[in-house]
Amino acid sequence: MNPGTITNREDFLKRIAKQLGREIDLTPPKREYKNHPQDHVLKGVSEEELLETFRMVATRIHTDLVECESKHLDDTLRLLIERYEGTRILAENDERISAWAPSTSETFAWWDSTQPEMSRDLAIRADIGITIADAAFAESATIVQYAKPGKSRTISLLPQDHIAIIPKSVLVPRMTQTAQQLAALDRDGLHSPNGVNFISGPSNSADIEMNLIVGVHGPVRVAYILVHDL
């Protein structure tokens, strides 16, 4: 039996219902809500207003935001790595990174799904982990990373710092739009990701006195590179 698989559920429930002398309807209930406030957050805003919201919130959550065009991404990434004084870089195994930053990526180590233990050890020792966002929310300056071969949340969690490349085309108002996309994948019989990771800047914590400490449970610094023409 595969993990997470429920077998013989209907037979089991029908047997119990029969003993109780009642009928059972196993059709999932359809939820109809009168109000949908989540659909109205940032509804109808212009592209520039969406960007401005993302910029403002990114600053609020202690995240460095750099913006560029794709032709400058190689230099932008190199300068950001130099600013963070990173020498050991681990990137997710996505060919877009080497295509977008052919010069800078020459020195990167790449996540190897066939050797997860070795890759995890590289992540522990890495100064910077580099990923590409699958979606980004303007409302909370959150990035989304789907679990796929060659991608691992370890890359954004274990290195000292994390740099996420965000194509502007994946920027949406809030989590609602991504949830709808994932629901559509399941509804259409397509394969949705095995896991979905939401990252909102560097990890932080506050004690009872509300003294904020950034970089407690994960990367000390997080940078977003927003690429306008991707």
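## Ground rules

Two strands count as paired if DSSP finds at least two bridges between them, and the strands themselves (E, at least two residues), like the helices (H or I, at least four residues), are DSSP runs numbered from the N terminus. With that in hand, Ala91 stands opposite Trp110 in β3.

Please keep in mind that this is a predicted model, where local features need pLDDT of at least 70, side-chain atom pairs count only at pLDDT 80 or more, and totals for chains, interfaces and linings use all residues. Residues are numbered from 1 along each chain as its sequence is written, and side-chain values use heavy atoms, with hydrogens and water left out.

## The six-stranded sheet

Let us start with the parallel sheet. Its six strands form an open sheet that runs in the order β1-β12-β7-β4-β2-β3. At the edges stand β1 (64-68) and β3 (109-110); each has a single partner strand, so one side of each lacks a neighbour in the sheet. The partner of β3 is strand β2 (residues 89-91), and the two pair in the parallel sense over two bridges.

Helix α2 (residues 47-60) packs on this sheet, in contact (heavy atoms within 4.5 Å) with β1, β7 (161-167) and β12 (221-227). The direction of α2 makes about 145° with that of β1, taking axes as lines fitted to C-alpha atoms, for helices over the stretch in contact, with angles from 0 to 180 degrees between N-to-C directions.

## Ile130 in strand β4

Is Ile130 buried or exposed? Ile130, placed in strand β4 (residues 128-132), is buried, with a relative accessible area of 0%. Here buried means under 20%, exposed over 50%, and partly exposed in between (1.4 Å probe, protein chains only).

Leaving aside residues up to four places away in sequence, Ile130 touches Leu77, Ile81, Ile89, Leu90, Ala91, Glu92, Ile97, Phe108, Ile155, Ile163 and Ile165. The C-alpha atoms of Ile130 and Ser156 are separated by 7.1 Å, although these residues lie 26 residues apart along the chain.

## The four-stranded sheet

A further open sheet has four strands in the order β8-β5-β6-β9, with mixed pairing. Its edge strands, β8 (171-172) and β9 (196-199), each pair on one side only.

Strand β6 (residues 142-146) pairs with β9 in the antiparallel sense over four bridges. Within that stretch, Val144 has Phe198 of β9 as its bridge partner.

## Leu20 in helix α1

Finally, Leu20 is found in helix α1 (residues 9-20). Leu20 is exposed, with a relative accessible area of 54%.
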